[in-house]
Amino acid sequence: MHLENATALITGGTSGIGLAVAKTLASAGARVAVTGRDERRLAEAARAAGAHPIRADVTSEADVERTYREVFNAFGHLDILVNNAGFGVFKGLVDMDRASFDAVFATNVTGAMLMAREAARHFIERNRGNIVNIASTAALRGAAGGSAYYASKFALRGMTECWRAELRPHNVRVFLINPSEVLTSFSATAGLTQDENPTKLRGEDIAHAVKAALEMDDRGFTPELTVFATNPRG
Ligand SMILES: NC(=O)c1ccc[n+]([C@@H]2O[C@H](COP(=O)([O-])OP(=O)(O)OC[C@H]3O[C@@H](n4cnc5c(N)ncnc54)[C@H](OP(=O)(O)O)[C@@H]3O)[C@@H](O)[C@H]2O)c1
């Protein structure tokens with residue numbers, strides 16, 4: 001597809017990977033809308049990326065429906081949904097609490113489904129469209145402490161395959177991008193420390209992968225891209 005004048009909606013586009021994707025797609029000429037819950041971060045991101053800001057929580061069905069109303073008001077139609085909003089809680093099974101587990105699934109799984117459902121209804125009508133799901137290398141194999149986060153990304157990967165099977169006959173491409181560790185606010189939000197070594201991936205690297213995948217001619221698509229740092233240290 002050509003990104004020039006394409007329209008894109010990026011959930012969690014106010015920080016880290018989502019913000020980098022917003023800037024990259026906007027630089028390629030796309031009209032971009034970003035969502036997030038924090039008003040201040042949203043305003044700053046909209047300014048930095050030249051994006052249309054939508055204050056919305058992906059876990060709220062009413063917010064999701066309003067998000068699409070705002071996108072259609074601003075752009076008239078949508079070409080690309082990037083399901084990026086997500087966070088992690090890392091606790092061993094014996095310490096896992098129901099509220100943390102449910103919260104991770106509400107954003108990373110249910111939120112992604114609600115966003116994709118509205119996009120799919122629109123894309124089927126138009127007989128075209130693109131959904132990019134930002135999963136993780138956590139979607140590829142389990143690890144200690146991963147009951148909530150890793151399982152949510154396995155679920156996103158599973159839904160990606162289901163949506164692809166349903167939507168390919170409507171010319172809709174569904175991509176999965178699996179970043180390994182990226183320097184963002186993700187670790188701090190999860191209560192973890194992250195060594196800021198320059199050998200580690202940055203949001204721009206994931207944005208590059210998203211842009212490259214989208215830019216392939218619509219007759220084809222790369223179903224899944226996993227992105228590793230070449231030689232990460234620290
Ligand atoms: N960083 C990594 O190492 C890494 C690796 C693999 C995959 N990922 C995935 O990449 C995605 C982006 O993470 P990041 O690393 O860029 O983290 P980040 O810097 O913490 O960004 C997360 C973004 O999601 C938004 N968000 C969180 N919950 C939301 C909700 N319920 N509704 C709407 N927006 C919400 C946040 O804004 P508000 O808080 O203002 O809503 C923020 O814009 C996540 O899905 C994450 O799992 C990250």
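Because the model is predicted, local features are described where pLDDT is at least 70 and side-chain atom pairs count only at pLDDT 80 or more, whereas totals for chains, interfaces and linings use all residues. Residues are numbered from 1 along each chain as its sequence is written.

Strands (E, at least two residues) and helices (H or I, at least four residues) are DSSP runs numbered from the N terminus, and two strands pair if DSSP finds at least two bridges between them. Contact between two residues is taken to exist if their C-beta atoms, placed from the backbone, lie within 7 Å.

Several pairings can be followed one by one. Strand 1 and strand 4 are joined in the parallel sense over three bridges, and here Leu9 stands opposite Leu81 in strand 4. Strand 4 is in turn joined to strand 5 by four bridges, the two running parallel, with Asn130 in strand 5 as the bridge partner of Ile80. Strand 5 (residues 129–134) then pairs with strand 6 (residues 172–179) in the parallel sense over six bridges, and in strand 6 the bridge partner of Asn130 is Arg173.

In a regular strand the side chains alternate between the two faces of the sheet. Strand 4 is covered on both faces, since Ile80 and Val82 on one side and Leu81 and Asn83 on the other are all buried, that is, 20 or more other C-beta atoms lie within 10 Å of their own, while a residue with 12 or fewer is exposed and one in between is partly exposed, with C-beta atoms placed from the backbone. Strand 5 is likewise covered, with Gly129, Ile131 and Asn133 buried on one side and Asn130, Val132 and Ile134 buried on the other. Six of the six residues of strand 5 are buried, so this strand is largely enclosed by the rest of the structure.

Leu81 in strand 4 (residues 80–83) shows this setting in detail: it is buried, with 27 other C-beta atoms within 10 Å. Not counting residues up to four places away in sequence, Leu81 touches Leu9, Met115, Ala116, Ala119 and Ile131. The C-alpha atoms of Leu81 and Asn133, although 52 residues apart along the chain, are separated by 8.3 Å.

Val32, leaving aside its neighbours within four places in sequence, is in contact with Ala8, Ile10, Ala22, Leu25, Ala26, Ala49, Ala51 and His52.

Asn5, in the segment before strand 1, has a phi near 70 degrees, a positive value in a residue other than glycine, and is exposed, with 10 other C-beta atoms within 10 Å. Asn171, in the loop between helix 5 (149–167) and strand 6, also is not a glycine and has a positive phi of about 65 degrees; it is partly exposed, with 15 other C-beta atoms within 10 Å.

Finally, 30 residues surround the ligand, the closest being Gly12, Gly16, Arg37, Asp38 and Gly86; a residue is counted as near a molecule if its C-beta atom, placed from the backbone, lies within 6 Å of it. Two or more residues of this shell come from each of helix 1 (16–27), strand 2 (31–36), helix 4 (98–126) and helix 6 (186–189), and helix 1 gives the largest share, three residues.
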